[in-house]
Amino acid sequence: KQQTASPTAFQQMKTAEYILLCTWFSICIVPMQYYIGIIGFQLEELGDDSGLYTNVFAYCYAGAAITAPVAGFIADRYGLGVAQGLSTLIVAIPFFLMALKDSFGSSSSSSSSNSSSLNVQTIGLATYAIGRMGIYGTFFTNCGKRFGYTNYGTLAGLGLLITAIVSILQYPLITWTVNGHSTIVNTVLGIALVLQSPYFMWLHRREKLYKSAVSSSPRKN
């Protein structure tokens, strides 16, 4: 019996699935890195002078690891398309909440209004941490589950390199936010995350077709 040769790393890099995976990860990394860089400033604008909510964010960021098994279960049970989509939509929530912060109050508002606004942003702090953990986890899971482990290190490493370069875009976004364009920047970033939904549906359908083909193929003894 002749064994089919495994595809090379370069062959896998040229596939539409890998290109879309890296595109998704790159689009996600910009708002995720931006959020870390600007969240302290934006919370301070909302009245977090003591840094309490910035500390809450640190705890959320570290504590999100406890949800990792849930993300893994979703990927195994419902597929990577669902898991990646859910993680991305969850991480989009804090950007829309931050874009709406003027509706909840600002640093010039009353203390009660500021407190209400900061309480609302706590939801965003938690969802960001959970969504970020899910995005990183499903990226590495996708590399192994969809492409195998022969070229896993090369594919995962290239994806990280691409996103590291793309993440530089966070700096002009931070500058625009500091210059008073916070609402526009956060809205655009949130929309950019949501607009990736067709990719998740495409990936989910592709996974279902693969499972159907595997289950219908005759097994060799």
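**Figure 1. Gly-148 in the loop between helices H7 and H8 of the predicted model.** In this predicted model, Gly-148 lies in the loop that joins helix H7 (111-147) to helix H8 (152-166). Gly-148 has a relative accessibility of 25% and is therefore classed as partly exposed.

**Figure 2. Overall fold of the protein.** The chain holds 10 helices and 0 strands. Read from the N terminus, the order of elements is α-α-α-α-α-α-α-α-α-α. Along the principal axes, the C-alpha atoms occupy a box of roughly 75 × 30 × 25 Å. Of the 221 residues in the protein, 41% are buried. Among contacts with a separation of 6 or more, 84% are between residues 24 or more positions apart.

**Figure 3. Packing of helix H2 against helix H3.** Helix H2 spans residues 16-45 and helix H3 spans residues 52-63. The axes of H2 and H3 are 9 Å apart and meet at an angle of about 150°, so the two helices run roughly antiparallel to each other. From H2, the contact draws on Tyr-35, Ile-36, Ile-39, Gly-40 and Leu-43. From H3, Tyr-53, Thr-54, Phe-57 and Tyr-61 take part. Sorted by class, the contact of H2 with H3 consists of 7 nonpolar and 2 polar residues, with no charged residues.

Figure 4. Helix H4 covers residues 68-78, and its buried residues are Ala-71, Ile-74 and Ala-75. Viewed down the axis of H4, these buried residues fall within an arc of 95° and therefore line one face of the helix. An α-helix has 3.6 residues a turn, so residues three or four places apart point the same way. Pro-69, Asp-76 and Arg-77 are exposed on the other side of H4. Gly-79 follows H4 and has a positive phi, near 105°.

**Figure 5. Packing of helix H4 against helix H5.** The axes of H4 and H5 are 6 Å apart, at an angle of about 140°. On the H4 side, the residues in contact are Ala-71, Ile-74, Ala-75 and Tyr-78. Their partners in H5 are Leu-80, Val-82, Ala-83 and Leu-86. The contact of H4 with H5 has 8 nonpolar residues, no polar residues and no charged residues. Ala-71, Ile-74 and Ala-75 are also the buried residues of H4.

Figure 6. Thr-88 belongs to helix H5, which covers residues 80-99. With a relative accessibility of 0%, Thr-88 is classed as buried. Leaving aside residues up to four places away in sequence, Thr-88 touches Trp-24, Cys-28, Ile-135, Leu-193, Gln-196 and Phe-200. Ile-191 is shown for reference and sits in helix H9 (residues 170-194). Ile-191 is partly exposed, at a relative accessible area of 39%. Thr-88 and Ile-191 are 103 residues apart along the chain, and 11 Å separates their C-alpha atoms.

Figure 7. Val-194 is located in helix H9. The relative accessibility of Val-194 is 33%, so this residue counts as partly exposed. Val-194 touches Leu-89, Ala-92 and Phe-96, with residues up to four places away in sequence not counted. Ala-164 is 30 residues from Val-194 along the chain, and the distance between their C-alpha atoms is 21 Å.

Figure 8. A disulfide is a covalent bond between the sulfur atoms of two cysteines. With a cut-off of 2.5 Å between cysteine sulfur atoms, the count is 0 disulfides. For Cys-60, the closest cysteine sulfur is that of Cys-28, and at 20 Å it is too far for a bond. Cys-143 is in no disulfide either, the nearest cysteine sulfur being that of Cys-22, 6.9 Å away. Cys-143 is buried, with a relative accessible area of 0%. Cys-28 is also among the residues that Thr-88 touches.

Notes: Residues numbered from 1 in each chain as written. Predicted model: local features only at pLDDT ≥ 70, side-chain atom pairs only at ≥ 80, totals over all residues. Heavy atoms only, no water. Buried < 20%, exposed > 50% of the residue type's maximum accessible area, 1.4 Å probe, protein only. Axes fitted to C-alpha atoms, helices over the stretch in contact; angles between N-to-C directions. Helix = DSSP H or I, 4+ residues; strand = E, 2+ residues; numbered from the N terminus. Parallel < 35°, antiparallel > 145°, perpendicular 65-115°, else oblique. Contact = heavy atoms within 4.5 Å. Nonpolar A, V, L, I, M, F, W, Y, C, P; charged D, E, K, R; others polar. Arc of directions from axis to C-beta.
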